[in-house]
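Hello,

Here is the structure I promised to pass on.

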Amino acid sequence: MKYGNLHEYYTNFKDYIDLKTKIKFALDICRGVAYLHECEILHRDIQSANVLVDGNHKVKIANFGLSRKFSDITRNILQNLENIRYMAPEKLAVENDENNNNDAQKKKVPYDSKCEIYSVGALLWEIAELKKPHYDLDKSVLLVNIRKRVSERYCLPFSNDVPTEWRTIVTRAMEYDSMWRISITDICRDFYNLSNKIHSDSLQDNTEVSTSNDFCTLSVDEAINVHRSTNGNKQLAWQSFKYHSPTNLEAKYWLGYYYYHEEKIPELQQINKDEKIRIAANIFKETADKGNPSAQLRYGMCLWEGNGVVINTLEALKYLKMAANQGNSAAMYIIGKAYWKGGNGIEKDKKQGAEYLKKAASNNHPKVEYALYFYHAHKLAEK
């Protein structure tokens, strides 16, 4: 990377790093960790030396040599003069082994996401202060002194100009007892709220925001409203959905929607149409499997029509029923017609079709009259 790691960057450019830049770095790092955790991956070595800064002053998490899946049996991490600055109390703890001449041995404490949150908290403190955690301690006895500090519930001190919200995030991330530590999703949310507060002057109205700054993003609900607005800023909505997608299921679904419908987004125009449809189908499946009814409907239709995936009408019916069970009237209507007409591997069942069409009508499907026509036609045929 052009500017080296994060520690090198702030050492060389400290005078040019303002609060907005710090928040940007913090958000990008936390979103990266959130994505890893969503994929059930632990980085296991979060520190400024493992965050790189590219030519566009964007940060990227690097050095995955110690990374493991959540399900892997993790071993103790070899402590050194750098990683101990970020290490959770439970990983710093020692116990005496009577069978080993009372030498201090590291406890066999599994490394989990709570340990990683503590490291993230320490890194966030570093970004706020532009100093390494425990920078004031003598390196010759660093491990002993950090253990002593941590065991005494020592809290890293903040400068007066650090926002209260930032201090709170770090304090909650670095709780001594792991069960009280904040989640990475909540950290992302709180930094997003802080960034909005800092950049509130950029907000012009409820539907349009200046996009000259990387931080100008909307909440998911605001982005949906902007998308649906006649003159809404689709580019801003796309940026906002993309921003929230690692930690928000609805935003992830809308990301797939944009890929599928080829909105006039410069970033998407560079991708082949078939590839965009394939990406959209994958996103729809991922979010459908996590319970999003709109995604269940759209992935069902991808399977039905063979868009981005191989046609599989029975599998399509399964996803459409998942959406229908959550009150999606469009899914009810499609299922009703499928059973009414039969074909494509689906056995004709007018009774079941009529029931689904009635449900669609009851849930205010746009073609309510058409749905009721089939339902009443079936009832008359039964008499």
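Buried residues account for 45% of the 383 residues in the protein chain, where buried means under 20% relative accessible area, exposed over 50% and partly exposed in between (1.4 Å probe, protein chains only). Before you dig in: this is a predicted model, in which local features need pLDDT of at least 70 and side-chain atom pairs count only at pLDDT 80 or more, while totals for chains, interfaces and linings use all residues. Residues are numbered from 1 along each chain as its sequence is written, and side-chain values use heavy atoms, with hydrogens and water left out.

The secondary structure of the chain comes to 17 helices and 6 strands; these are DSSP runs numbered from the N terminus (helices: H or I, at least four residues; strands: E, at least two). Among contacts (heavy atoms within 4.5 Å) between residues at least 6 apart in sequence, 61% join residues at least 24 apart.

The largest nonpolar core has 56 residues, and Leu6, Leu124, Trp166, Ile187 and Phe191 touch the most other members. Such a core is a set of buried Ala, Val, Leu, Ile, Met, Phe, Trp, Tyr and Cys residues joined through side-chain atoms within 4.5 Å. Elements that each supply at least two of its residues include helix H1 (6-13), helix H2 (19-38), strand S2 (51-53), helix H4 (113-129) and helix H7 (184-198). H4 gives the most, with 10 residues. Leaving aside residues up to four places away in sequence, Phe191 touches Ile23, Ala26, Leu27, Leu124, Trp166 and Ile169. A second, separate core of 32 residues includes Leu218, Val226, Ala251 and Trp254.

Two helix pairs may interest you. The axes of H2 and H7 come within 9 Å and cross at roughly 155°; axes are lines fitted to C-alpha atoms, for helices over the stretch in contact, and angles run from 0 to 180 degrees between N-to-C directions. That makes H2 roughly antiparallel to H7, since angles under 35 degrees count as roughly parallel, over 145 as roughly antiparallel, 65 to 115 as roughly perpendicular and the rest as oblique. On the H2 side the contact includes Ile23, Ala26 and Leu27, and on the H7 side Ile187 and Phe191 are among the partners. The residues of this contact divide into 14 nonpolar, 2 polar and 2 charged. Here Ala, Val, Leu, Ile, Met, Phe, Trp, Tyr, Cys and Pro count as nonpolar, Asp, Glu, Lys and Arg as charged, and the others, Gly among them, as polar.

In the other pair, helix H9 (residues 234-244) packs against helix H10 (residues 249-261) at an angle of about 135°, with the axes 8 Å apart. That makes H9 oblique to H10. Trp238 and Phe241 are among the H9 residues in the contact, and Ala251 and Trp254 among those of H10. This contact comprises 8 nonpolar, 1 polar and 2 charged residues.

A few single residues are worth a click. Pro89 lies in helix H3 (residues 89-92) and, at 7% relative accessibility, counts as buried. Pro89 touches Tyr118, Val150, Tyr176 and Arg181, again not counting residues up to four places away in sequence. Pro89 and Ser151 are 62 residues apart in sequence, yet 7.3 Å apart in space, C-alpha to C-alpha.

Most residues other than glycine have a negative phi. Asn63, however, has a positive phi near 60°; it sits in the loop between S3 and strand S4 (68-69) and is partly exposed, with a relative accessible area of 44%. Arg153, in the loop between H5 and H6, also has a positive phi, of about 60°.

Best wishes
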